[in-house]
Amino acid sequence: MATRTGSLDAPPRPPLPRLDPGAGGGAAPRPRRRPPWGRWGLRATALLYLAVMVALPIVAVLTRGFGNGFGALKDAFAAPGAWKAVELTLVLAALTAVINGVFGTLIAYVLVRYRFPGRAALSTIVDIPFAIPTLVTGVMLRALYGPASPVGSFLERHGVHVIFAPAGILLALLFVTLPLVVRTVQPVMLELDRSEEEAAHVLGAGRIRTARSVVLPHLRPPIAAGMLLVFARAIGEFGAVVIVSGNIIGKTLTAPVFIFGLISQFKPEQAAAVASLLFGLSFVLVLVTERLVARRPAKEPEE
Amino acid sequence: MSARTAAPPVAPNATAPRSDAAILRRRRLIHGSLTGIALVYAAVLLIAPLAGIIWAAIKAGGHAWVETFSQPDVRHAFYLTLIITATTVVVTAVLGVVVALMLARDPFPGRALVSAFVDLPLAVSPVIVGLACVLMFGTGGWFKPWFDAHGIQIIFALPSMVLVTIFICIPFVIREVAPLLGELGTEEEEAARTLGASSLQTFFKVTLPNIRWALLYGIALTTARAIGEIGAVLVVSGQITGHTETATLFILRAFDEGRDAQGYIVATTLALVSVLLLSGIEILKHRGERKLAS
Amino acid sequence: MTGIVVEGLNKSFGSFRAVADVSFEAEEGKITAILGPSGSGKSTVLRMIAGLERPDTGRISLAGEEQTNAPVQERRVGFVFQHYALFRHMTVRQNVAFGLRVRKVGKDETVKRVDELLRLVQLAPWADRYPDQLSGGQRQRVALARALAPRPTVLLLDEPFGALDARVRQDLRRWLDDLHSELGVTSLLVTHDQEEALELANEVVVMHQGRVEQVGTPDDVYNRPATRFVAGFVGAANVLEGRMDGGRVRVADGWTSGDGGDDLAEGVRVHAYVRPHQISIAGEQTRLGSTSAVIERITNLGWASKLRLRLTDGQDLTADVSNDELPVPPVGEGDRVHLDLRNAKVFEVEDRPGHYAGVGANGAAPESADGGSAEPAIVA
């Protein structure tokens, strides 16, 4: 909490009569008796902004998607490759969540606990996906693994297909979502109380036992939160996927691209139906994540 | 009082090895392996693709760079990206601060719900955002009649592209500024008000300077995201070259039409701009934080 | 020799010498305190004994066995941290049981032992609470129970009451004393609170800047300080400047005798450490050679008075005198009185820059630029 006193650039003035009589002494928990239109003006503006810019569009999608019951949804899933697209999206997103869950936690651990040459570089590199446009990510993978590159042609010759194959999509998703795990886990790791680990050591617990019983419970929430964020992000990824996957129906078509296809075919209701499902899933995941991140170490059930 | 036995000090490695040196060696091995794995993963996943695109862009040759940037459609694409980004930044920054103030300072019922709404755009696939815009302003949309009557084109035109980009960028400024506002507390503002400052004066002279770095970082994130937006603008723009084609849309078309080199060049440019922007702000933020702490 | 034996410990962190050639013994079954200001290296010594740090050189023996390089897990010590270090996600019961579960003690026996300890620390009703539901004092008792559960040979306490309120600190101090009487575990307590050390410990090791200044009973370190640091740190002290004169110490216009002046040469500058409660005041010169002073301020504390006095050479000092020992007829501010400075500890002044010259009662150690300061530190 900042306790700096306000700087005085105006010459001292006698206190104004409208100063609240109860205002002496101590930090007030809420702003006092400012002109009412000030606070309401603020609220109105903020709420209007969010209502119009966020709530309205979502409502539009939901109502158009299910305005006529589940008809639109059924039609959408009748299209060739529709189910495959959803399945592929969910599987790849889950894989991404697990892989980056593991490696993201590892990277966070290494960054927090070890000192080694290149540590600062690693920390910077981890943030790069946040800075790079998703489309450019796809382009990069294309540059590296496409037929025109030495790496790409080498792999192709040995039967490893990256571009225009699910592997490429996976790499794109992994790239884009890695920072989500690292930056969710890292702050919690930094705040870990080392003396809890020391206490465990003194009581006879080895490194593994200590990690399991003392450290992991504190890390479970942020790791879970990170993985859920990754999953939510991965199921909706478009830019990186569209360039890398080739969008081959039944093979590399993902749900977001499928939705795009429906829009291009002037089937907005169907698109809205599938979109609602996708969005609903993401939203629930983000809500759960927010709960997890609200700092509550997982309580040990019994032991 | 105490008897000090004159035992000579014992050098560390010469002691009866109760597996001590072995423990150290094993621990160092574990450290090394874990670090190694982390670095390899980061290298393969992150660095290699970066290297790949830089290599491809360089391979195209300086001549291709000049040629690409002298093309009118390329220039227009960048220009459009700039306009959209600038508008988005202004809107999300100003209104973002308003929302942040409300979230942090106003004991508002349903605050958690509002917070969820703020985070909502992060959960939505960009394609869905574009779809929402089409649903609202396109054929059969609620708002189409009104805008048609006034001769304003939303879909397949700039306004829709700005709108979707704003939606997508809403969280960034708010999520940077709101926590800081909460941490800072209201004491300084109260002090200013007791000294006679109006609400507006207080905001500009006291609140704004305090949140300046968080705000700038939020703006940087917004800019990077807006520059890179593809999914939503693809849906609403109609990809009309020279009119509604942003830099990202140009890249997409370039690859569609087989002009890979140009795609790589523009892509590298966008990546460079974003990375430079964010690292620049990061450096400034650290400097700002250090000043705050002293 | 059972108990704890520490020989020639050295530890540096980079270029900072935290522990320099520390040796002492903590007798079995007794409480030994390591007393010193912050930065004296006492916590580092404790952590080395526990195995949480490794000494650069030196030996550590616990209960007769050498443990210098043994891993922490194998040393069978109990450790109580200043900030409790309880496992936040486990209940009180689970915390206390941890050391037993790790050692694979059977479930029934664990439950029995945990219950026994919870009763001992009087926290049985809170057995299923989480640490964040307990007060500071309660958490520390849990920490103690947890440390004692696996029956360690030695109990190490790192400023265990440092994070607690003064009142709670006193209560726990008394409680720890009783606990120790009952259990008799060899205990080593690190603290900067000299009152705590003097009250609890059988033996005190005074440390300063990484070195051992003195080892002795509380009486020894209080009444027979071996070094100027101990004289100034343990118990309140006035630090007066004087000179050796005919075998006695000349302070201002009088003389005083004291320990430590015997082997100093004539004319040598010295510091005399005099305790505020070991100053007698008389209205007239009843003793030849007593020092005279002017009373600058008297504060009546009920059963005693605090007098602020100024000597003829400008030095000032504080005296605590019980009211029935004040001179009759009563003296007041501005009056001249005569002082008997009893039991002064005398140390030669060293003209080294930055050397330690005077100190506050609980470890604040201002350094004087050179050996003689016109205003010696007065201690509360």
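**Buried helices and salt bridges in the predicted model**

Helix H11 of chain A, which spans residues 255-264, is largely enclosed by the rest of the structure, because 9 of its 10 residues are buried. The structure described here is a predicted model. The buried residues of H11(A) include Ala255(A), Pro256(A), Phe258(A), Phe260(A) and Ile263(A), and just after this helix Phe266(A) takes a positive phi of about 55 degrees.

A further buried position in chain A is Thr177(A), whose relative accessible area is 1% and whose place is in helix H7, residues 166-190. A polar atom of the Thr177(A) side chain lies 2.7 Å from the backbone oxygen of Leu173(A), and, when neighbours within four places in sequence are left aside, Thr177(A) is in contact with Thr96(A), Asn100(A), Val230(A) and Arg233(A).

Over all chains, the structure holds 37 salt bridges. One of them is formed by Arg64(A) and Glu269(A), with the closest N and O atoms 3.3 Å apart; since Arg64(A) lies in helix H1 and Glu269(A) in helix H12 of chain A, the pair ties together parts that are 205 residues apart in sequence. Arg64(A) counts as buried at 19% relative accessibility, because the limit for burial is under 20%, whereas Glu269(A) is partly exposed at 31%.

In chain C, the side chains of Asp193(C) and Arg173(C) meet in a salt bridge with an N to O distance of 3.4 Å. This pair links a loop between strand E8 and helix H6, where Asp193(C) lies, to helix H5, which holds Arg173(C).

Notes
Residues numbered from 1 in each chain as written. Chains lettered and ligands numbered in written order. Predicted model: local features only at pLDDT ≥ 70, side-chain atom pairs only at ≥ 80, totals over all residues. Heavy atoms only, no water. Buried < 20%, exposed > 50% of the residue type's maximum accessible area, 1.4 Å probe, protein only. Helix = DSSP H or I, 4+ residues; strand = E, 2+ residues; numbered from the N terminus. Polar contact = N/O pair within 3.5 Å; in protein donor to acceptor, adjacent residues only side chain to side chain. Contact = heavy atoms within 4.5 Å. Salt bridge = Lys/Arg side-chain N within 4 Å of Asp/Glu carboxyl O.
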